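Colleague: Could you walk me through how the helices pack against one another in this model? I'm after a close look at that one part, in plain words.

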Amino acid sequence: MWNDILENRINMVVVKDLSRFGREHIETDAYIQKIFPSLSVRFVAVLDSYDSLLAKEEERSLLIPIKNFINDHYARDISIKIRSSQEVMRKEGICVAAYVPYGYQKRQGKLYPDLESAIVVRLIFLLKLEGKNSDEIAKWLNLWGISSPAEFRREKGNFYYTGFQQQEIAKWTKETVYRILHNRVYIGILEQGKRMRISYKVQKVISVPKENWSVIKGTHLPIISEKEYQLAEQISFLDMRRSPKEESIYLLSGFVFCRNCKKIMVRRTGRSKNKKKNYYLCSSYNKGKGCTRHTISEILLLQIIWEIIQFNKDWNEVAQKNNMWKNRRKGNCIWNIFIQKNIEKIEKYRKRIKQIKVDWEKGILTQEEYKQYQMVYQKEQERLEQAILFCEQEKEKREEERKCSKITLERLLIVWLLKRIEIYEEKKIKIWFSFQIDR
């Protein structure tokens with residue numbers, strides 16, 4: 001409208017009342033009393049019975065500024081009341097956010113787990129505990145054809161905009177995964193009031209100091225246990241490096257430390273009698289920064305750990321108490337869900353391809369537009385067909401794990417049971433477990 005006014009296409013502006021034109025009284029007065037008259041634009045506010053062409057001077061200079069000031073004050077009053085009521089609702093554990101966290105749905109201000117997306121949240125934490133970083137998790141979620149939080153909301157019919165999105169079809173990113181892994185809403189803690197607008201006149205949003213957040217515990221059912229969340233947090237601080245040739249992380253990565261310099265031990269591969277031998281070495285010594293070798297064989301270290309936990313009556317009870325193994329094995333059925341969802345998405349794109357062809361034949365779309373849409377839909381269809389294959393492969397892999405009833409040392413068990421290992425120079429070892437060890 002403003003561009004049309006400047007190009008002399010519009011010479012009159014009609015509004016229902018003054019508040020519909022603007023509530024910031026200084027700016028509104030400037031338009032009505034200076035800008036519009038200088039551009040020869042007539043201004044009419046119907047319910048306020050104001051017409052700039054017929055208005056008297058006292059209306060322009062007195063009545064209009066007073067009404068604009070009242071409208072401005074009303075907007076300020078409403079803003080204060082809304083903020084106050086939201087603060088009360090936050091303290092009562094009511095979710096006031098426009099968009100609920102991924103994995104949940106909202107009914108009457110309360111959060112409830114959304115079964116379809118909650119299983120993805122559980123999968124993300126499981127992959128983290130198995131040793132994958134945020135970038136790897138995002139890559140696999142995209143390969144499996146799992147909809148990102150933004151796309152999931154759109155599929156549910158909710159208009160959703162995020163400033164983080166960089167592509168037309170939003171994909172999983174390491175930032176998205178990181179935010180999920182560090183969001184305490186998944187353990188039943190509702191954190192609100194993290195950001196706020198500067199004022200009712202300024203749309204800019206600023207971050208609120210953490211000590212001023214509204215934090216309420218036990219407001220909703222958790223998706224992740226507190227133990228799993230703490231482990232995921234703990235893993236974030238571990239050294240998770242591995243050889244570029246390795247697909248999975250080493251069993252003890254991030255857990256083995258030198259007793260003397262307290263630095264992380266690095267894994268090295270050597271040869272003994274023409275056989276490969278993996279061992280751990282002090283990283284300070286390896287870099288030539290002092291200390292000593294503190295070398296220990298990886299196999300010997302794993303044997304010691306296994307002997308300790310295998311004959312301890314508490315370790316199996318701890319694993320079962322936290323429901324780790326049960327949840328992990330039952331989780332294999334989720335691949336059938338992902339496969340079925342991908343089949344439904346493929347069918348949706350097939351229908352779209354048929355529809356755009358009809359639109360092209362009717363002249364609704366140009367040939368160039370038709371080809372562009374067709375290329376995008378076919379590409380997505382091919383990606384989802386490939387995703388089904390990846391899901392089937394992962395399902396078979398985890399099915400083999402499920403059939404292996406004997407529990408052996410693997411990365412998830414190591415993460416669940418260990419806290420830290422320190423190696424002395426004289427071959428002594430000190431191990432911290434996450435449960436009580438019988439002496």
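Modeller: The axes of helix H5 (residues 115–129) and helix H14 (residues 334–361) come within 11 Å and cross at roughly 125°. Helices here are DSSP runs of H or I with at least four residues, numbered from the N terminus. The axes are lines fitted to C-alpha atoms over the stretch in contact, and the angles run from 0 to 180 degrees between N-to-C directions. H5 and H14 are therefore oblique to each other: under 35 degrees counts as roughly parallel, over 145 as roughly antiparallel, 65 to 115 as roughly perpendicular, and the rest as oblique. Their crossing is left-handed, meaning the near helix is turned anticlockwise from the far one by less than a right angle, while clockwise would be right-handed. On the H5 side, the contact (heavy atoms within 4.5 Å) is made by Glu116, Ile119, Val120 and Leu123. H14 brings Ile334, Trp335, Ile337, Phe338 and Lys341 to it.

Keep in mind that this is a predicted model: local features need pLDDT of at least 70, side-chain atom pairs count only at pLDDT 80 or more, and totals for chains, interfaces and linings use all residues. Residues are numbered from 1 along each chain as its sequence is written, and side-chain values use heavy atoms, with hydrogens and water left out.

Now stay with H5, which also packs against H8 at about 95°, with axes 10 Å apart. So H5 and H8 are roughly perpendicular to each other. Here H5 uses Val121, Ile124, Phe125 and Lys128, and they meet Val177, Ile180 and Leu181 of H8.

H8 (residues 174–181) has another partner, H6 (residues 134–143), with an angle of about 110° and axes 8 Å apart. That makes H6 roughly perpendicular to H8, and their crossing is right-handed. Ser134, Asp135, Ile137, Ala138 and Leu141 of H6 touch Lys174, Val177, Tyr178 and Leu181 of H8. Notice that Val177 and Leu181 turn up in the contact with H5 and in the one with H6.

Because they sit three residues apart in helix H15 (residues 367–403), about one helical turn separates Arg383 and Glu380.

Terms used. Helices (H or I, at least four residues) and strands (E, at least two) are DSSP runs, numbered from the N terminus.
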